[in-house]
Amino acid sequence: MRFAISLLVFICIASLIGTVLPQNQALNSYVDQFGPFWFAVFNEFSIWQIYNSAWFLLIMAFLVVSTTLCIFRNAPKMLRDARSFREYVRGSSLRAFHHRVELDSALAPAQAREAVGALLQTQGYRYRVREDGDSLMVAAKKGSANRLGYIFAHTAIVVILLGGLMDSELPVRLQTWMFNKQPVVGNMLISDVPQSGRLSARNPSFRANMLLPDGQQSNMGIVTEGQGVLLQPLPFTIRLKKFYIDYYSNGQPSDFRSDVTITDPKRGKSFDRTIQVNEPLHYDGVTVYQSSFDDGGSKLQLKAWPLHGTDAQPQAFNGTVGHSGKLPGSNLAVNFTGFRAINVEDLSANKAPQPKSVVREVAAVTGSAARAPNKNLHNVGPSVQYSVIDKDGQSHDFNQYMLPVKLDGFPVFLMGTRDDASQPYRYLRIPVGDHGGMNEFMQLRAALDDPALRDEAARRFAAHNATPGQQQTLMFEAARGALRTFSSQGFNGIISSAPAAEREKILNFAVPMIQLSLVELRDLVRERNHEPPVVRQGAQGEHESRWMQLAVLALASLPDYPAPVALQLSSFNQVQASVFQIARSPGKTTVYIGCVLLILGVFSMFYIRERRVWVWIRPSDHGSSWLAAMTTQRRTLDFNHEFERLREALRRLSAGGSKHDV
């Protein structure tokens, strides 16, 4: 029993963890939350899917078996004891009871039996009389349902645990083990999935997901199993007519819902229904929940800006979310993984935004992430996420925002990259040019890769900052060499060969020289485009100086950018998709029954008190003598008062009073 209680406490703690910690999320989100070390530790215990972990299911199964055995062993004895009046107790043993009373009465034993029996009945007792020669033993009891409380409570534990096992992944795992089901790993059309990757349509319990783009239909759910998935056939087909999402004024989602058509081929019926958060569809034993939303294959029109060479003109490039292609100007594969038409960010700290998971968006709608209004929240516009596999086979993630974002008081285009999902995005901040785009920056970048323009910019820098002669020549050579190294390696190339103690001194000299040389290079580009030179005075001069500072930082980071081109979203045709969670959970009713039994059991144990009374009546010279005793499982103050009332009633009755005197 102690071991079982310990396991129950352990299950309660595990359930608390499962309630506080969101379950079945992407593993990289847990890496971000706990760090690589603690993620590895917690992953050993599968706390990300704690309710379906092997150890949790094993504990539940053990408790079902052990508690069931306990019920079968003890319930018959408890029921026999509840039905028994214990009328065969020896009269002399009543003197050992703490609550007892001895009385003499003028009533004959037969009269005393009738009077005592009537008295006990008025107090709610049932009684039985045993004759022992001339003596009579009146045994009475009430509150025997208290024993049922123990049976109900223990049965409730078994029923609730059985319901939990029924709704767990155990039925799916049993099919996997017994019928040799093999989860599908990798991309595959549903029509190509073999029978070994499909669960039975009569599967008694499952929890699957379904992603449906607008206008599409499906009768297959996706069940995650290990590192792969299994297909779960549904008894009906869901067609998404239209997905709707509403937003607050700041761009946060306020509500989302799906208009669907349900077609039941077996019954030959079809009907329309709206599924939304907290209002699921129940049909044929299956519940369809509005889980979240995603992209359903939006069509993207992009500009591919070259990041190497002297070409500054972008190429037009089209892509589809969920599909792959070739990156323009290279043989690298690009896979478009996501598109977000609205991105709500808190820019009060002037930090570059990080894409939020759909779970956080859903939480904002369902209320689990409710918080006070934040006036710093802004919609920063559409964004596209894609990945590129480099020549070494390393995949890199990218996140690009379509519109400029104002950070630190200056509008910039954000080009984010990361090496894997466990890292936050690192952003290049491309300053917005005079015409509202990144053309001017890209032209400056292309000019920096042109040796002739670099040399001319270095010559102009030397002419403006050194006296003619040998000093100007030295200044020109220094600027030309710095620009050449900077164009291919950034600032790291300038200080890489220098001693650590000298690097700061070198940067203090090189950074202003490179920035001023790039100002000259920018003027060269503007001259070639028949535009006036950069303004250097007044408010406009301060703006242009800030633009150049950001451009220098961006150019310094370009050598580390893990792609030869940068994709900029120019337009899109959004296709939305609704994500449903589909469940068949027969254990829900079982758990409800268990909860009712638990309530009855707890109520019976705590609010129904079993009391037993014995009255031993013996003949005497003056009529009869009585020895009465009373007991209960828990001696409380109320029980003491009840005994006092019974003792007074027996005294009045023995003195010749009526049973109604009580």
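**Entry 1: a cavity lining.** I began with the second largest cavity of this predicted model, and I noted that its lining consists of Gln-400, Tyr-401, Phe-413, Leu-414, Met-415, Met-438, Ala-566, Leu-567 and Gln-568. I then looked up the volume of this second largest cavity, which comes to about 40 Å³. When I searched the whole structure for cavities of 30 Å³ or more, I found three.

**Entry 2: where the lining comes from.** Which strands each supply at least two residues of this lining? I wrote down strand E18, which covers 395–401, strand E20, which covers 410–418, and strand E22, which covers 565–573. Sorting the lining of the second largest cavity by class, I listed seven nonpolar and two polar residues, and I found no charged residue there.

**Entry 3: the sheet that contains E22.** I next followed strand E22 into an open sheet of three strands, whose order is E12-E11-E22 and whose pairing is antiparallel. The edge strands here are E12, residues 315–320, and E22, since I noted that each of them pairs on one side only. Ignoring direction, I recorded that neighbouring strands of this sheet are turned by 30° against each other on average.

**Entry 4: the pairing of E11 and E12.** How many bridges join strand E11 to E12? I found six bridges between E12 and strand E11, which spans residues 299–306, and the two strands run antiparallel. As one example of a bridge, I looked up Ala-304, whose partner in E12 is Gln-315.

Notes: Residues are numbered from 1 along each chain as its sequence is written. This is a predicted model: local features need pLDDT of at least 70, side-chain atom pairs count only at pLDDT 80 or more; totals for chains, interfaces and linings use all residues. Side-chain values use heavy atoms; hydrogens and water are left out. On a 1 Å grid over the protein atoms alone, a cavity is a set of points where a 1.4 Å probe fits but cannot get out, and a pocket is an open set with protein on both sides within 12 Å along at least five of seven lines; lining residues have an atom within 4 Å of a point. Grid points are joined across faces, edges and corners, and a volume is the space filled by probe spheres set on the points. Helices (H or I, at least four residues) and strands (E, at least two) are DSSP runs, numbered from the N terminus. Ala, Val, Leu, Ile, Met, Phe, Trp, Tyr, Cys and Pro count as nonpolar, Asp, Glu, Lys and Arg as charged, and the others, Gly among them, as polar. Two strands pair if DSSP finds at least two bridges between them. Axes are lines fitted to C-alpha atoms, for helices over the stretch in contact, and angles run from 0 to 180 degrees between N-to-C directions.
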